[in-house]
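Please look over the sequence and the structure shown here, and then read the briefing that follows, which is arranged by topic.

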Amino acid sequence: MTEDLRTHLDLADDDARLAGLADRLGRAAEAEGLLDVAYRTVDSPLGRLLLAATPRGLVRVAFETETEDAVLTELATGVSPRVLRAPARLDGVARQLEEYLAGRRREFDVSIDLTLARGFRREVVTLLPRIAYGTTASYREVATMAGRPGATRAVGTACARNPVPLVVPCHRVVRADGTIGAYRGGHDAKVALLELERAAA
């Protein structure tokens, strides 16, 4: 066995041991009621997603374009510093996301914690599930739904900062002329989600 291969295998063993230790620590913290924010990552057709949940519900879905360190820092400062990798709390969310991205699910049945959305942004996020699967609404239409028809730019900001994209469907909000508009997960991800829903509707 070459030295490079031996080093590679040793590093893989270390990674596996660290992952196992993190899982045990997360389970112990959960059992003791010490885990405020649990997180895990999942692979998806849109790239790696980071999912995070509090005892109240799903608090964050982050795309691969967002660095893990930045998302964990956001959770630590905006929710609680007691953040640990604890996949079990997010098993149901991960399963539903997999079903949705495979075209087998149209609605999510998960509790949502909107701690990271405040003020008008929170109001907008709570309205987004009214946009039916396979359809879209304009930023202006969402602003009108919120009782502020002139607040299209604020609606755009709320969608861009939606802490739980995919599950709360900000990807269904487009420009008045029908063009896609911006998306936290990137232009290609938004196009893919809209095409997925149109094909499955």
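**The largest pocket and its surroundings**

The lining of the largest pocket is made up of 10 nonpolar residues, no polar ones and 4 charged ones, where Ala, Val, Leu, Ile, Met, Phe, Trp, Tyr, Cys and Pro count as nonpolar, Asp, Glu, Lys and Arg as charged, and the others, Gly among them, as polar. This is a predicted model, in which local features need pLDDT of at least 70 and side-chain atom pairs count only at pLDDT 80 or more, while totals for chains, interfaces and linings use all residues. Residues are numbered from 1 along each chain as its sequence is written, and side-chain values use heavy atoms, with hydrogens and water left out.

**Pocket**
- The volume of the largest pocket is about 240 Å³, a volume being the space filled by probe spheres set on grid points that are joined across faces, edges and corners.
- Among the 14 residues that line this pocket, R106, E107, F108, P129 and V167 are the closest to its centre; a pocket is an open set of points on a 1 Å grid over the protein atoms alone, where a 1.4 Å probe fits, with protein on both sides within 12 Å along at least five of seven lines, and lining residues have an atom within 4 Å of a point.

**Overall fold**
- The chain has 7 helices and 6 strands, which are DSSP runs numbered from the N terminus (helices: H or I, at least four residues; strands: E, at least two).
- Of its 201 residues, 43% count as buried, meaning under 20% relative accessible area, with exposed over 50% and partly exposed in between (1.4 Å probe, protein chains only).

**Helix 6**
- Within helix 6, which spans residues 152–160, V155, A158 and C159 are buried.
- These residues lie on the same side of helix 6, because they cover an arc of only 95° around the axis, taken from the directions from the helix axis to the C-beta atoms.
- The cover over the buried residues of helix 6 includes helix 4 (119–127), helix 5 (139–145) and strand 6 (173–174).

- T54 belongs to strand 2 (residues 49–54) and counts as buried because its relative accessibility is 4%.
- The side chains of T54 and D113 are joined by a polar contact of 2.6 Å, that is, a pair of N or O atoms within 3.5 Å; within protein, one must be able to donate a hydrogen and the other to accept it, and residues adjacent in sequence count only if both atoms are side-chain atoms.
- D177 lies in the loop between strand 6 and helix 7 (187–200), and counts as exposed because its relative accessibility is 60%.
- The side chain of D177 makes a polar contact of 2.6 Å with the side chain of T179.

Notes: Contact means heavy atoms within 4.5 Å.
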